[in-house]
There are 2 protein chains.
Amino acid sequence: MAVNLSDIAAMAGRPIAAVVGLVVPRSGNPTLIHELNAGLHEVAERFQVPIVGGDTNSWEGGLVVSVTVLGESEKPILRSGAQPGDALFVTGTLGGSILGRHLDPQPRISEALQLRSLVPLHALIDISDGLSQDLGHILSESGCGAILDAEAIPLHPDATTLSQTSGKSPLEHALGDGEDFELILVVSPEDAERLTAQPVPGITLSRIGTCVREPGMWLQESGKLVPLMPRGWNHPLS
Amino acid sequence: MAVNLSDIAAMAGRPIAAVVGLVVPRSGNPTLIHELNAGLHEVAERFQVPIVGGDTNSWEGGLVVSVTVLGESEKPILRSGAQPGDALFVTGTLGGSILGRHLDPQPRISEALQLRSLVPLHALIDISDGLSQDLGHILSESGCGAILDAEAIPLHPDATTLSQTSGKSPLEHALGDGEDFELILVVSPEDAERLTAQPVPGITLSRIGTCVREPGMWLQESGKLVPLMPRGWNHPLS
């Protein structure tokens, strides 16, 4: 439910209803089913998305849950509108979601709606597969590239914690880990100044880089420019 | 898909979109999946209902298909509007769907919309569980009863065929068999006259009985009035 809501946030849409398909194992644990149901309704209520239908059944097989969220938007924000010179922002902090946050995603519905009401968003996506990979979707659909500022990428404390045992740096986690469900937004340089000059109450925004004409992704770190692969910056092209 | 469309027809609604949740066994027959997909799209196209989303996945378990159809209606026709004196009609012919028709339901979407444009419908339902049982839903929600005319109930040839081996009469099949997916409609006596006087092109309509004040269901057969249980008239109350 939350992941689907994040997909709506990724287009700055407004969720209107959800349908839930549920197949329950006959020999299943009733507590699990009750908790699942309570969890679905808790998220539905928090985001004021009525569960309007779907189907419920039981069988000898395993548990199946299928959630679809329907949303509306007068003008959805797509991935394809980024232009060279545009500024890149992310909401929140990134990395290490596997330590637990991936089980309780916080879809950025109201954040996306609030941001689009403040400035025109050229492109928008939620981070489900990782910052570098999801930014890659924006860049390939917009036909441009980007340079990211390593020091500007906001690290979640979990990225630091995980780095102590993972063999990766916190930055690698912030760039490569999935299921952060934060937003990447692309705005004009002028609107970037406005967003930076006047912080938006309740929304943590970090300006992490700039779109460039040449396709590709680079990380600017300690004055050097390192090519970045969509799947993680530790496997550079050169 | 067709069964869900019939649920939309049962309220004289207009289908607008479908969502499909699909979990496919990894070891499954690819032909089955292609045929399933083709079947879903064939019905979607026939009723001009775009499949707008849902989810597709694969696993080690069995095949799971969950279809939800979203519809709209300025004023849905409910089950609760039948009044004593109202006339009961059904579309099509009934009984014996298990001989094959149950695998290819014909949702009466356009029939319901056409009928509601001709006369005010007091109540409406589709026949999924059998004429007597689904009529029972209308009667209990409307707080009235009904007398059915045994000779007026339209028998499908399958009801006759099945009766040769089932030990039941064709009428029993027409009253008790499910999955006909025809419509039961309730209109005022005046509108019943109009519907009877001028046949509606393309729609087979039979006037099968009358609503009465006293709760219950009766079958008028050879001049006798036999109580009818919602689950089939062969198990009368007395």
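This is a predicted model: local features need pLDDT of at least 70, side-chain atom pairs count only at pLDDT 80 or more; totals for chains, interfaces and linings use all residues.
How many nonpolar, polar and charged residues does the lining of the second largest pocket have? Residues are numbered from 1 along each chain as written, chains are lettered from A in the order written, and side-chain values use heavy atoms, without hydrogens or water.

**View 1. Lining of the second largest pocket, by class and element.** The lining has 13 nonpolar, 9 polar and 8 charged residues (Ala, Val, Leu, Ile, Met, Phe, Trp, Tyr, Cys and Pro count as nonpolar, Asp, Glu, Lys and Arg as charged, the others as polar). Strand 3 of chain A gives the largest share, 6 residues.

**View 2. Centre of the second largest pocket.** This pocket has a volume of about 590 Å³. Of its 30 lining residues, those closest to the centre are A:Asn4, A:Asp7, A:Ile8, A:Met11 and A:Val69. Among the elements that give two or more residues to the lining are helix 1 (2–9) of chain A and strand 2 (51–59) of chain B.

**View 3. Interface of chain A and chain B.** Here 13 residues of chain A are in contact with 13 residues of chain B (heavy atoms within 4.5 Å). The two chains bury about 850 Å² between them, 76% of it on carbon and sulfur atoms (accessible area, 1.4 Å probe, lost on being put together and summed over both). Across this interface the rule finds 0 salt bridges (a side-chain nitrogen of Lys or Arg within 4 Å of a carboxyl oxygen of Asp or Glu).

Note on methods:
On a 1 Å grid over the protein atoms alone, a cavity is a set of points where a 1.4 Å probe fits but cannot get out, and a pocket is an open set with protein on both sides within 12 Å along at least five of seven lines; lining residues have an atom within 4 Å of a point. Grid points are joined across faces, edges and corners, and a volume is the space filled by probe spheres set on the points. Helices (H or I, at least four residues) and strands (E, at least two) are DSSP runs, numbered from the N terminus.
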